[in-house]
Amino acid sequence: MMPRIKLLAAVVASMAFASIAAAFAFAGGSATGRATVAVAKTRLGSILVDGKGITLYDFVLDKGTKSACYGSCASYWPPLLTTGKPIAVRGARASLLGTTKRKDGKLEVTYAGRPLYYWIGDKKPGQTTGQGIDQFGAPWWVLTPAGTEIHRR
């Protein structure tokens, strides 16, 4: 009986470690925990990305700076989180960056008043596989450096 408990404890510990590692992978920030937003050229034009070049999206159902994406939505569309004031680099406008507090108290990065998210299908810089997906009640769009949605697919 004892070996099963040890095995279960090892499985739970490794799952917790994997969850934490995944959260850091999508953090889009730096060693300070401050998220970085930049601009990259893609087949859709110049769009917002994180500091590692991973595409950022907005969700049409968000009301102003209030996120409408929680639970299973946030597992597919993780929010861009920060622990302080976000950093604008490579063409992103610092004046358009902000934050909003999520229900769990974490800070989500906003751009032009729109909360920002990742799509779990984008694994490498330049991918825009979440563009135009209609999921969780509305479409998801990439944003220009001016903070407007691009509606091309």
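Over the face of which residue does Lys-103 lie, and at what distance from the ring centre? Lys-103 lies over the face of Tyr-70, and the distance from the ring centre is 4.5 Å. The model is predicted. The points below start with this ring, then turn to the aromatic pairs and to a sheet.

**Charges over a ring**

- Tyr-70 also has Arg-102 over its face, at 4.2 Å from the ring centre.
- For Lys-103 the corresponding value is 4.5 Å.

**Aromatic pairs**

- The structure holds 6 aromatic pairs.
- One of them is formed by Trp-77 and Trp-119, with 4.4 Å from centre to centre and 35 degrees between the planes, and this pair is tilted.
- Trp-77 is in the loop between helix 2 (72-76) and strand 4 (81-82), while Trp-119 is in the loop between strand 8 (114-115) and strand 9 (134-135), so their pair ties together parts that are 42 residues apart in sequence.
- Trp-77 has a relative accessible area of 0% and is buried.
- Trp-119 has a relative accessible area of 13%; it counts as buried because the cut-off is under 20%.
- Tyr-117 and Trp-140 form an edge-to-face pair, with 5.1 Å from centre to centre and 90 degrees between the planes.
- This pair links distant parts of the chain: Tyr-117 belongs to the loop between strand 8 and strand 9, Trp-140 belongs to strand 10 (residues 138-143), and the two are 23 residues apart.
- Tyr-117 is buried, at 0% relative accessibility.
- Trp-140 is buried too, with a relative accessible area of 0%.

**The ring cluster**

- Ring pairs link the residues named above, Trp-77, Trp-119, Tyr-117 and Trp-140, with Tyr-57 and Phe-59 into a cluster.

- An open sheet consists of 3 strands in the order 2-1-5, and its pairing is mixed.
- Strand 2 (45-50) and strand 5 (87-88) are at the edges; each has a single partner strand, so one side of each has no neighbour in the sheet.
- Strand 1 (residues 36-42) and strand 5 run parallel and are joined by 2 bridges.
- Val-37 stands opposite Ala-88, which is in strand 5.

How values were computed
Residues numbered from 1 in each chain as written. Predicted model: local features only at pLDDT ≥ 70, side-chain atom pairs only at ≥ 80, totals over all residues. Heavy atoms only, no water. Pairing = 2+ DSSP bridges. Helix = DSSP H or I, 4+ residues; strand = E, 2+ residues; numbered from the N terminus. Phe/Tyr/Trp six-rings, centres within 6.5 Å; stacked < 30°, edge-to-face > 60°. Buried < 20%, exposed > 50% of the residue type's maximum accessible area, 1.4 Å probe, protein only. Lys NZ or Arg CZ within 6 Å of the ring centre and 35° of its normal.
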